[in-house]
Amino acid sequence: MNGPAAPPDHAPPDHVLLGYDASQSSERALGWAVREAELRGLALVVCHAWYWPYPFRPHDDRALESVRAMGAAIVEEGIAMAREVAAELDVRGRLVRGTAPAALLTAAGTAELVVLGARGTGGFDGLRAGSTAIHVPAHTDRPVVVVPPASFPPRDDGIGIVAGVDGSPASEAALEFAFAEARARDLAVTAVCGWWGPDARPGPGRAPFTDPETAGDRVRALFESTVARHRAAHPAVAAETRFVTRRPHQALADIARGATLLAVGDRGCGSSPQTLLGAVTRTMLHEAPCPVAIVHESSTTSTTRHGPLSRAPAPPPR
């Protein structure tokens, strides 16, 4: 006799979730989400949030229904656009009452990947990343790809997928995500470690009992060995390492200019367990010149059940 069905939050991931509000960023995110769903062999769920935007209650249900209907129309628009791009793709809609971050966090429970634009229809001119783009990756354990409203022309020097690596468990998860994406898209991985040593930090100088050159050599060796393990697990993916003596966010922003994707962990070395998003990750959401994947320590591409990404072997245990 079969037991009770598992609750939705414990169901296996079975779709790519797209946050869509008809903004320029969400339209670009739609194209990315369609491609991810195709690569993974999963359905695409177009999700939109609606809510009564005023501090007073509506006089009757007709006003509330009008707002809900506008939200439903946006969902249908997103579904139609996705089917224009990929006619054979299984595209579904989901309309959720509430704020955009709350709606996406609720809907992300059974998503393998969440895709959203960097800023929605709100905000102000010049805003690079809106509240939803910050809030969702900070509070979900699913990988989240944040797509900016514009990007630079593609690189012609072989740089496709860039991964920030600092030795933290989350950055190693981001590196694994980068290798799986590179394999699926037939691109190369560029792993980047920005080393800003004790002698370069502001304040009284180098940390006590620390030799900056020796510390840098050890960091570089750890970085190279980490990438080597992932390279061995993905022999079909070309990969290079770049150990850069610059602040990590500066190194990543420069090298990722024109890249297809930048993958980073949700928080790096030195972040406390209470930190939701590390300083470098937050900066990349505002400054990255390409789509950014925020990957958590608990996120692994091995949960992918379908498509080219599922055939990427997991890295050997540490």
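**View 1. Strand β7 supplies Thr-190 as the bridge partner of Val-162.** In this predicted model, local features need pLDDT of at least 70 and side-chain atom pairs count only at pLDDT 80 or more, whereas totals for chains, interfaces and linings use all residues. Residues are numbered from 1 along each chain as its sequence is written, and side-chain values use heavy atoms, with hydrogens and water left out. Strand β6 (residues 161-164) runs parallel to strand β7 (residues 189-194), and four bridges join them; two strands pair if DSSP finds at least two bridges between them. Helices (H or I, at least four residues) and strands (E, at least two) are DSSP runs, numbered from the N terminus. Ala-163 has Ala-191 of β7 as its bridge partner, and Gly-164 stands opposite Val-192 in β7.

**View 2. The side chains of β6 and β7 are shown by the direction in which they point.** In a regular strand the side chains alternate between the two faces of the sheet. From β6, Ile-161 and Ala-163 point one way and Val-162 and Gly-164 the other way, and all are buried; buried means under 20% relative accessible area, exposed over 50%, and partly exposed in between, with a 1.4 Å probe and protein chains only. From β7, Val-189, Ala-191 and Cys-193 point one way, while Thr-190, Val-192 and Gly-194 point the other way, and all are buried. Because six of its six residues are buried, β7 is largely enclosed by the rest of the structure.

**View 3. The open sheet has 10 strands with mixed pairing.** The strand order is β3-β2-β1-β4-β5-β10-β9-β6-β7-β8. At the edges stand β3 (91-97) and β8 (239-244), each with a single partner strand, so one side of each has no neighbour in the sheet. On average, neighbouring strands are turned by 20° against each other, direction ignored. Axes are lines fitted to C-alpha atoms, for helices over the stretch in contact, and angles run from 0 to 180 degrees between N-to-C directions. Helix α2 (residues 61-85) lies across β2 (43-50) and β3, and runs at about 155° to β3. The protein chain holds eight helices and 10 strands.

**View 4. Helix α4 (residues 131-139) is shown with its buried residues.** These are Thr-132, Ala-133, Val-136, Pro-137 and Ala-138. The elements that they pack against are α3 (100-107), β4 (111-117), β5 (144-147), α8 (279-287) and β10 (292-295). Packing is judged by contact, that is, heavy atoms within 4.5 Å. Among contacts in the protein chain between residues at least 6 apart in sequence, 79% join residues at least 24 apart. Buried residues make up 47% of the 318 residues in the protein chain.

**View 5. His-296 lies in the segment after β10.** At 7% relative accessibility, His-296 counts as buried. Leaving aside neighbours within four places in sequence, His-296 is in contact with Pro-137, Thr-140, Asp-141, Arg-142, Ala-173 and Asp-266. The C-alpha atoms of His-296 and Arg-267 are separated by 7.9 Å, and the two residues are 29 residues apart along the chain.

**View 6. The structure holds two aromatic pairs.** The rings of Trp-52 and Phe-56 are edge-to-face, at 6.2 Å centre to centre and with 80° between the planes. Rings of Phe, Tyr and Trp (its six-membered ring) pair if their centres lie within 6.5 Å; planes under 30 degrees apart count as stacked, over 60 as edge-to-face and the rest as tilted. Trp-52 counts as buried at 18% relative accessibility, whereas Phe-56, with a relative accessible area of 47%, is partly exposed. Phe-223 and Phe-243 form a tilted pair, because their ring centres are 6.4 Å apart and their planes stand at 35°. This pair links distant parts of the chain, with Phe-223 in helix α6 (residues 212-233) and Phe-243 in strand β8, 20 residues apart. Phe-223 is buried at 3% relative accessibility, and Phe-243 is buried at 17%.

**View 7. Arg-185 lies over the face of Trp-32.** The distance from the ring centre is 4.3 Å. A charge sits over a ring if NZ of Lys or CZ of Arg is within 6 Å of the ring centre and within 35 degrees of the ring normal.

**View 8. Cys-47 and Cys-290 are both buried.** The relative accessibility is 3% for Cys-47 and 1% for Cys-290. A search of the whole structure finds zero disulfides, a disulfide being a pair of cysteine sulfur atoms within 2.5 Å.
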